Amino acid sequence: MSMSKNSIFIQIASYRDPELLSTLRDCIAKAKYPKNLIFSIAWQHTEEDVWDTLDEFKADKRFKIIDIPHLESKGVCWARNKLQQNYSGEKYTLQLDSHHRFIQNWDEECINMVELLQSKGHKKPILTSYIPSYNPKNDPTERIQIPWKMNFDRFIPEGAVFFLPASIDNFKELTQPIPARFFSAHFCFTLGQFIEEVPYDPKYYFHGEEISLAVRAFTHGYDLFHPHKIVMWHEYTRQGRTKQWDDDKIWGERNHVCHLRNRKLFGMDNEPQDIDFGKYGFGKVRTLEDYERYAGLSFKKRAVQKYTLDNNIAPNPPLYGEEFEKSFLQIFKHCINLQRTQFTETDYDFCAVIFEDDLGISLYRKDFTESEINKKLNSTDEYIKIWSTFQTIKKPAKWIVWPYSKSKGWVNKIEQVL
């Protein structure tokens with residue numbers, strides 16, 4: 001099969017996803033040059049899902065399908081590493097999940113944006129973002145029609161960085177993509193050589209995937225951008241989809257290994273540097289500190305600059321010496337998820353939420369009033385969610401939720417090590 005000069009290697013890791021077929025059909029139908037598309041699919045499936053078949057594509061020379069029985073899967077990063085091994089020199093690559101919808105001529109739009117950025121001096125641009133959502137149950141009516149960007153959310157206790165989607169409100173005034181700090185695993189369009197220069201680490205599991213790729217890409221000389229216009233949509237609800245960790249009995253062990261590996265990559269928590277990451281490590285074009293100055297993050301401190309917290313566009317203003325070191329805020333943000341069955345009384349007066357360090361010293365406490373407790377207990381949410389945000393130099397080691405009953409005093413202390 002001859003390769004077009006604008007060939008696109010499309011990477012899709014699919015796990016028991018009822019949206020996969022619709023995604024493939026729409027991707028092809030909406031492309032301006034469908035003959036230029038080469039699909040690599042990590043097809044993680046089970047015969048129990050009679051609807052999960054790729055028969056209509058198996059004879060299509062554009063498709064390279066890796067047949068993976070679902071119980072043999074080791075997670076999304078492992079699967080993405082597998083599908084990248086099918087890369088054979090295509091000019092561009094598009095990384096997706098298996099639940100997307102596309103604008104007409106999405107391929108031409110993405111290539112035009114990359115070429116525009118290259119003309120402005122960015123040799124290796126990446127288009128990436130948490131793209132706007134669609135709802136398969138009411139499509140296309142519920143497609144969001146404003147392009148999205150990625151904002152900093154928090155360092156989680158295990159060390160990875162989480163992000164939140166946000167609207168690019170002035171997108172109608174923009175003529176080119178905007179600089180980005182972060183990488184989205186469900187939408188990335190860039191040069192095909194990215195696969196060889198920044199390949200997926202198969203020992204990662206899930207969390208840590210996106211921040212590690214953002215920094216690895218940056219240190220290999222790639223410039224991150226959010227598209228200023230919509231090129232496709234992503235489904236976020238996960239309704240009707242079995243996740244890999246639902247079927248994997250040792251997913252917790254894989255997750256633990258991933259978090260530890262991620263902390264070692266970034267030199268967090270004084271973890272010993274006893275891993276040779278090789279091709280899965282940082283590049284040599286820029287340093288980790290270069291990225292921290294660009295994005296306004298400090299991994300060793302688990303800290304962030306106010307400029308980043310305020311969701312201003314990268315890069316962050318240059319600071320030097322002591323001014324740079326003092327510019328970081330060490331903010332801890334965490335959500336405690338509780339079951340209603342953990343609250344057995346009917347006459348709560350208040351409830352203390354406490355975070356302690358490894359010596360049992362309280363770093364933060366907030367008391368929820370009777371009305372606040374009742375509001376949470378009477379909500380229709382699946383879990384009782386308690387969000388806490390506070391500044392702390394020391395990393396919390398444990399949280400405690402301790403209700404106080406009017407009739408019984410302190411009752412059933414709930415606690416968990418972080």
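Modeller: A residue is buried when its relative accessible area is under 20%, exposed when over 50%, and partly exposed in between (1.4 Å probe, protein chains only). This is a predicted model, where local features need pLDDT of at least 70, side-chain atom pairs count only at pLDDT 80 or more, and totals for chains, interfaces and linings use all residues. Residues are numbered from 1 along each chain as its sequence is written, and side-chain values use heavy atoms, leaving out hydrogens and water.

Colleague: Is C258 buried or exposed?

Modeller: C258 is buried, at a relative accessible area of 0%.

Colleague: What about C110?

Modeller: The closest cysteine sulfur to that of C110 is in C27, at 9.9 Å, also too far for a bond. C110 is buried, with 0% relative accessibility.

Colleague: New topic: where is E235?

Modeller: E235 sits in the loop between β12 (232-234) and α6 (244-247); helices (H or I, at least four residues) and strands (E, at least two) are DSSP runs, numbered from the N terminus. E235 is buried, at 3% relative accessibility.

Colleague: Which residues does E235 touch?

Modeller: Leaving aside residues up to four places away in sequence, E235 touches E19, H99, Y134, P136 and R241, where contact means heavy atoms within 4.5 Å.

Key
Disulfide = S-S within 2.5 Å.
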